Structures are given as structure tokens and as C-alpha cells.
Amino acid sequence: SLGLSQSPYKSIKHSTYFEVYDDLFSRYRGKQITFVEIGVLGGGSLFMWREFLGPQARIIGVDMNPNAKKWESEGFEIYIGNQSDELFWQDFKKQVGRVDVILDDGGHTFEQQIITTEMLLDIINDHGMLVVEDTHTSYMDGFGYRRFSFLEYVKRFIDKINQRYSEFDNTVADQRVWSIQTYESFVAFHINRNASNLISERTDNGGEYDSAEGYRYSDNQALKSLDVLVRKLNFLKYIPGIKWLDAKARSYFIVRKSKRRLKKYFSSDS
Ligand SMILES: C[S@@+](CC[C@H](N)C(=O)[O-])C[C@H]1O[C@@H](n2cnc3c(N)ncnc32)[C@H](O)[C@@H]1O
């Protein structure tokens with residue numbers, strides 16, 4: 001798997017991880033990219049990345065333990081600091097400039113993962129990514145306050161990406177990340193500024209209207225019965241407030257049906 005076996009120094013990676021690395025990082029092989037790994041003390045993974053990406057890649061390691069400096073003699077750039085310290089990252093960014101890929105395999109607490117993400121997204125080039133490893137810690141004790149876990153943060157992030165949609169309040173939308181990809185134990189934030197800053201608007205090709213939405217509620221019996229009733233009791237439309245009542249009833253029937261049908265897919269919440 002990858003170049004791990006060629007690495008002369010210790011690296012502990014889980015068996016499922018290589019498939020993910022392959023999927024995410026193959027596109028960068030042989031390319032002149034800057035790759036940053038956070039958490040490198042054992043050194044093994046640095047050699048693995050060099051083997052995998054090729055000698056032209058600029059490989060930077062970050063670790064809190066000053067002993068990691070020893071890897072500089074092997075041609076890696078090493079920065080010593082605490083990944084949950086904003087000031088450390090500000091300094092790092094001044095010195096390093098822009099990068100293509102960041103892999104966070106540091107301490108894995110929610111604080112470390114979230115602050116690292118918030119501090120580093122803006123230095124990643126388009127078509128680059130930030131990958132956070134060991135995200136299963138979000139479900140474990142000992143990594144921080146669970147309501148502010150990394151994966152809870154990711155769920156909020158997904159909300160903010162969808163907030164870009166034209167009919168929503170775009171002031172709270174996120175434009176930094178184009179897409180978010182999840183695997184077991186990994187989350188990848190993909191950067192593509194052109195795509196994430198496109199103006200979201202309805203486009204109309206002027207084609208013929210085929211009332212494509214007409215079937216949306218066609219399997220909702222309660223709504224159908226309401227339609228029949230409304231047609232029969234046509235005179236009701238003169239009663240004040242009836243439109244409001246009709247809308248309320250429709251929305252109630254839509255919610256009731258989806259709740260009944262989908263409950264089983266949300267069983268731990270119901
Ligand atoms: C899981 S190990 C990294 C393993 C390495 N990537 C490999 O595969 O061989 C975690 C590393 O994160 C470092 N670390 C822990 N907390 C950190 C922090 N707050 N800031 C920076 N590095 C940290 C540790 O010193 C350790 O070297």
C-alpha cells in the first residue's frame with residue numbers, strides 16, 4: 001500500500017486508510033505540489049509521502065514536539081508549534097505561503113481539528129484540499145465537548161455551503177469550501193474558489209414548460225382528498241381566511257406523510 005513499506009521510520013496508519021489516501025491524493029503524484037502533514041514525529045509518514053508524491057513535491061511537517069526538527073536533515077521542512085494556537089498558524093502562514101494539500105494527523109482533539117481547519121483553509125490553492133484524519137474521535141470521550149465535536153462542526157459547515165443557494169440568506173453562507181467529502185475516519189474539504197463563488201441564480205433556457213413539478217405530491221392521498229373537497233365546495237373561497245387555512249392544511253399533510261414514511265431512517269432521533 002502506497003510507499004509505506006519503503007519508509008525506514010515508524011508510522012502507524014489504520015488498514016482502511018490507504019484506500020482513502022489513494023482516492024484523494026493520486027491526482028497529485030508526480031506534480032509540483034506543496035503537501036503539509038500535521039503530526040509527524042515518528043517520521044515514517046513523511047518518507048511515505050515523498051515516495052508516493054515524488055521528489056518534486058515540497059513536503060512540510062508540523063509537530064509540537066521539537067524532536068521532529070531532526071527530519072529537516074532528510075530534506076523535509078519542519079515547523080514546531082501547537083496546532084490549536086492561532087498565533088502559531090499566523091506565523092506559519094507568513095513563512096510558508098500557499099500550499100496544495102494539508103493532512104491533519106495531529107492530536108485529534110476537536111479544538112485542534114477545528115482551529116487548524118479555520119486557520120488554514122485560506123492558504124490552500126484551488127484544486128487543493130484539507131484532509132482531517134481520525135475524525136471518529138468525534139464519537140469518543142476524551143477529545144472535548146461532544147456538542148462541539150469536529151463532525152458536529154462539519155454538519156454546520158454543510159449547512160453553510162447550502163446557504164449559498166440563491167433563495168437563502170447568503171451573508172451566512174460559506175464561500176471558502178466548494179465541497180466536503182466524508183469517509184470512515186476522514187473528512188476532506190475541497191477548495192475551488194471559482195465554483196464556490198459562482199452566483200447562485202435560476203437559469204432558464206427558454207424551453208417549453210412541461211409542468212415537471214406537477215407530480216411532486218401525486219402520491220399524497222390526504223392532499224388529493226383536500227383537492228376534491230375544495231373543488232366540490234367551491235363557494236368556500238369567499239370565506240375570509242380560507243386561503244390561509246388551506247395552505248396550513250396542505251403543509252400539515254405534507255409533513256405528516258414524510259414523517260411517517262421516513263421515521264425508520266432516523267430511528268435514533270425518533
Ligand atoms: C498520530 S501521531 C502522527 C503520526 C504520523 N503522521 C505517522 O503516521 O507516522 C500524532 C502526532 O501529533 C503530534 N501532536 C499532538 N498534539 C499536537 C498539537 N497540539 N500540535 C501539533 N502536533 C501535535 C504528536 O507530537 C505526534 O507526533
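Me: A charge sits over a ring if NZ of Lys or CZ of Arg is within 6 Å of the ring centre and within 35 degrees of the ring normal. With that rule, which residue lies over the face of Phe-76?
Reply: Arg-50 does, at 4.1 Å from the ring centre. This is a predicted model, in which local features need pLDDT of at least 70 and side-chain atom pairs count only at pLDDT 80 or more, while totals for chains, interfaces and linings use all residues. Residues are numbered from 1 along each chain as its sequence is written, and side-chain values use heavy atoms, with hydrogens and water left out.

Me: OK. What domains does the assignment give?
Reply: Domain 1 covers 4-196 and domain 2 covers 213-266. The bounds come from an automatic or database domain assignment.

Me: How far apart are the C-alpha centres of domain 1 and domain 2?
Reply: They are 48 Å apart.

Me: Back to rings. How many aromatic pairs are there?
Reply: The count is 22. Rings of Phe, Tyr and Trp (its six-membered ring) pair if their centres lie within 6.5 Å; planes under 30 degrees apart are stacked, over 60 edge-to-face, and the rest tilted.

Me: Take Phe-88 and Trp-89. Why is that pair tilted?
Reply: The planes of Phe-88 and Trp-89 stand at 50°, so the pair is tilted, with the ring centres 4.9 Å apart.

Me: And why is the pair Phe-88 and Phe-92 tilted?
Reply: Their planes are at 40°, so that pair is tilted too, and the centres are 6.1 Å apart. Phe-88 and Phe-92 are four residues apart in helix H3 (residues 86-96), which means about one helical turn separates them. Helices (H or I, at least four residues) and strands (E, at least two) are DSSP runs, numbered from the N terminus.

Me: Are Phe-88 and Phe-92 buried or exposed?
Reply: Both are buried, and Trp-89 is buried as well. Buried means under 20% relative accessible area, exposed means over 50%, and partly exposed is in between (1.4 Å probe, protein chains only).

Me: Which residues make up the aromatic cluster with Trp-49 in it?
Reply: Tyr-17, Phe-18, Tyr-21, Phe-25, Phe-35, Trp-49, Phe-52 and Phe-186 form one cluster.

Me: Now helices. At what angle do the axes of H4 and H5 cross?
Reply: Roughly 35°, and the axes of H4 (residues 110-120) and H5 (residues 150-162) come within 9 Å. Axes are lines fitted to C-alpha atoms, for helices over the stretch in contact, and angles run from 0 to 180 degrees between N-to-C directions.

Me: Which residues make the contact?
Reply: From H4, Phe-110, Gln-113, Ile-114, Thr-117 and Glu-118; from H5, Phe-150, Tyr-153 and Phe-157. Contact means heavy atoms within 4.5 Å. These residues of the H4 and H5 contact divide into five nonpolar, two polar and one charged. Ala, Val, Leu, Ile, Met, Phe, Trp, Tyr, Cys and Pro count as nonpolar, Asp, Glu, Lys and Arg as charged, and the others, Gly among them, as polar.

Me: Different topic. What is the phi of His-108?
Reply: Near 70°, a positive value in a residue other than glycine. Most residues other than glycine have a negative phi. His-108 lies in the loop between strand E4 (99-104) and H4, and at 11% relative accessible area it is buried.

Me: What about the phi of Asp-134?
Reply: Near 65°, and positive. Asp-134 is in the loop between strand E5 (124-133) and H5, buried at 10% relative accessibility.

Me: Where is Ser-200?
Reply: In the loop between H6 (193-196) and H7 (221-232). Ser-200 is partly exposed at 30% relative accessibility. Leaving aside neighbours within four places in sequence, Ser-200 contacts Arg-164, Tyr-165 and Ser-166.
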